[in-house]
Amino acid sequence: MFHVKQFGGPVIHVDGLRKEFRLAEKQAGFSGTLKALFNPTYKVVEAVKGVSFSIQQGEFVGFLGPNGAGKTTTIKILTGILYPSGGTALVHGHVPFDRKPEMLQQIALVMGNRQQLWWDLPAQESFTLLKEIYGIPESDYKQRLDLLVGPLQLEEKLTTQVRKLSLGERMKCELVAALLHRPSVVFLDEPTIGLDLTSQRNIRSFLKEYNRETGATIVLTSHYMQDVEELCERVIVINHGTLVYDGTLTALSAEMSGQRRLRITSTAQDFDFTPYGNVISQVDGVTEIEVASADVADITAKLFAQIPISDLAIDEPGLEETIEKVFSTPAQPQ
Ligand SMILES: Nc1ncnc2c1ncn2[C@@H]1O[C@H](COP(=O)(O)OP(=O)(O)O)[C@@H](O)[C@H]1O
Ligand SMILES: [Mg+2]
């Protein structure tokens, strides 16, 4: 594939970033409307409350958090769509909201829930327009297009009106459109949302390859943990507008997975498992208990000595569960 332009220092630098939205509150009835007109009252929503992180060139970072955590708001600030209420956000040393051409040339934004291609045109024509907008030389354009369209398996789809494509095909075309100008920083906000599994898988392997071959920095939000597990070495987790974790995915899993779940199948009637661990469920002779991973050997030995056991399984909590736990951790006051 091609390589993106390399820069020194952190590509993305966010320091004490804040964003609040002011929503005008309207009271009921005509008098309420009048009142709101002459004496408006506002409700303040603090979407981002002092978030700091830095991202280096070439990193593939998962930006995670439950709905309403502030992910999209942060991404909109980093792509110059929103102006922050406080703190710093820099991309390649530029303030994104200034929308300087040299910064715009280096970034791309794909939002899974928003369409950027012209609906009534075949994707090919949108791509040609983008080529003009970004001033991409003809020879480069052909080569770049092939390198994007091939792995995404879009060869046959370029002349079809975008509105007639499947959701997965449309999203792949969105990716091509976003990457044609060879941005060095790519923001992907839920790019696989609602797609069929085959398209999800195809987009995942494309992104993995793209990051590896071009050296582009990618920031990805996704509700699908498989995306994150396969692509992101590092994750930044925010909750209620506050950073709750920044580090490797492996360390996060290890940190949160001090617990193991034992699934014990036994014919023992009325056996009390509570002294051995936290009883999660007990159905048809199968009991699930949660124990500290360090105690697993000791507890299983004790259980084998106490009751007849026909099956025993030890489960590690999956990433989904791990992230769930991080989300429910109260944010540290900053
Ligand atoms: N334009 C807006 N006006 C008012 N509130 C907003 C606006 N955009 C986002 N919010 C609020 O800011 C918070 C963070 O939203 P968002 O950044 O979209 O979260 P996420 O992408 O993590 O789901 C939410 O409470 C949301 O309702
Ligand atoms: Mg969002």
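1. Two strands pair if DSSP finds at least two bridges between them. In this predicted model, strand S1 (residues 10–25) meets that condition with S2, the two pairing in the antiparallel sense over 13 bridges. To take one example of a bridge, Glu 20 has Glu 46 in S2 as its partner.

2. These strands belong to an open sheet of 3 strands, which has the order S2-S1-S4 and antiparallel pairing. Strand S2 (41–56) and strand S4 (86–91) stand at the edges and have a single partner strand each, so one side of each is left without a neighbour in the sheet. On average, and with direction ignored, neighbouring strands of this sheet are turned by 25° against each other. Helix H2 (residues 71–78) packs on the sheet, where it touches S1, S2 and S4, and the direction of H2 makes about 115° with that of S1.

3. Two packed helices are described by the angle between their axes and the distance between the axes. For helix H4 (residues 123–134) and helix H6 (residues 167–179), the axes come within 10 Å and cross at roughly 15°. Angles under 35 degrees count as roughly parallel, and H4 and H6 are therefore roughly parallel to each other. Their crossing is right-handed.

4. Which residues of H4 and H6 meet? From H4 come Ala 123, Phe 127 and Leu 130, and these meet Cys 173, Val 176 and Ala 177 in H6. The residues of this contact divide into 6 nonpolar, no polar and no charged.

5. On the scale of the whole chain, the domain assignment gives domain 1 (10–14 + 52–253) and domain 2 (258–316). The C-alpha centres of domain 1 and domain 2 lie 45 Å apart.

Terms used
Residues numbered from 1 in each chain as written. Chains lettered and ligands numbered in written order. Predicted model: local features only at pLDDT ≥ 70, side-chain atom pairs only at ≥ 80, totals over all residues. Heavy atoms only, no water. Domains from an automatic or database assignment. Axes fitted to C-alpha atoms, helices over the stretch in contact; angles between N-to-C directions. Helix = DSSP H or I, 4+ residues; strand = E, 2+ residues; numbered from the N terminus. Parallel < 35°, antiparallel > 145°, perpendicular 65-115°, else oblique. Left-handed = near helix turned anticlockwise from the far one by under 90°. Contact = heavy atoms within 4.5 Å. Nonpolar A, V, L, I, M, F, W, Y, C, P; charged D, E, K, R; others polar.
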